[in-house]
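Trainee: Could we go through this structure together? I am new to it.

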Amino acid sequence: MTNDQTDWRNSIIWGLTASGSHVSPLQAVAGLTAAQAGLEPPGGLHSAHRLLHHIVYWQDLMVASAAGEQVVWPAGPEDWGSPLPPWNDLVARLAAGLEHARQVAATTDLSERIPAWGPDKTRGNALTVLITHNSYHLGQLVDARRATGHWPPPKA
């Protein structure tokens, strides 16, 4: 493996969980109860619960794709009105998906192509999209927590 490959791998692993350019995904949901997560902030913002549902929905698809699994992509955006999975289940899925993504990044050829994503897209591209997607929506989740008075999380 070249140094470039090692650097890319390390950057992806760091981006999945680190807090350098964005809040750590698990820190973003830390200490939030299901009742607090369900509060709808003023101004038409989504609740933390709805945002985490969206994050986990797409994370599951992107990680499975990067892992080489067959994925059935939705025809359009998922239904925001669908019943939400329980908050604690979503938090557990977030953590499990991040660990799965970390394992894929650590153990696979990141330059391997993913034909379903297009002829020039790779496992590394899929994981990079996951990082940026999570980062964007975790920022919204933190804003929702701020707007409902539940940020920052309690100190551990």
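Trainee: Which residues does Ser 47 touch, not counting those up to four places away in sequence?

Mentor: Please bear in mind that this is a predicted model. In it, Ser 47 touches Ala 37, Gly 38, Leu 39, Glu 40, Pro 41 and Ala 144.

Trainee: Where does Ser 47 lie, and is Ser 47 buried or exposed?

Mentor: Ser 47 lies in the loop between α3 (34–37) and α4 (48–66). Ser 47 is buried, since its relative accessible area is 2%, and buried means under 20%.

Trainee: What lies 3.0 Å from a polar atom of its side chain?

Mentor: That is the backbone nitrogen of Arg 50.

Trainee: Turning to helix α1, which of its residues are buried?

Mentor: The buried residues of α1 are Gln 5, Arg 9, Ile 12, Gly 15 and Leu 16. Seen down the axis of α1, they fall within an arc of 135°, so they line one face of the helix.

Trainee: What covers them?

Mentor: The cover includes α2 (25–29), α5 (87–107) and α6 (123–147). For Ile 12, leaving aside neighbours within four places in sequence, the contacts are Ala 105, Leu 110, Gly 124, Leu 127, Thr 128 and Ile 131.

Trainee: How many residues has the largest nonpolar core?

Mentor: It has 18 residues, and Ile 12 and Leu 16 are among those with the most contacts inside it. Two or more residues each come from α1, α4, α5 and α6. The most come from α4, which gives six residues.

Trainee: What lies apart from that core?

Mentor: Another core, of 17 residues, lies apart from it, including Val 29, Leu 98, Leu 138 and Ala 144.

Conventions. Residues numbered from 1 in each chain as written. Predicted model: local features only at pLDDT ≥ 70, side-chain atom pairs only at ≥ 80, totals over all residues. Heavy atoms only, no water. Buried < 20%, exposed > 50% of the residue type's maximum accessible area, 1.4 Å probe, protein only. Helix = DSSP H or I, 4+ residues; strand = E, 2+ residues; numbered from the N terminus. Arc of directions from axis to C-beta. Contact = heavy atoms within 4.5 Å. Polar contact = N/O pair within 3.5 Å; in protein donor to acceptor, adjacent residues only side chain to side chain. Core = buried A, V, L, I, M, F, W, Y, C linked by side-chain atoms within 4.5 Å.
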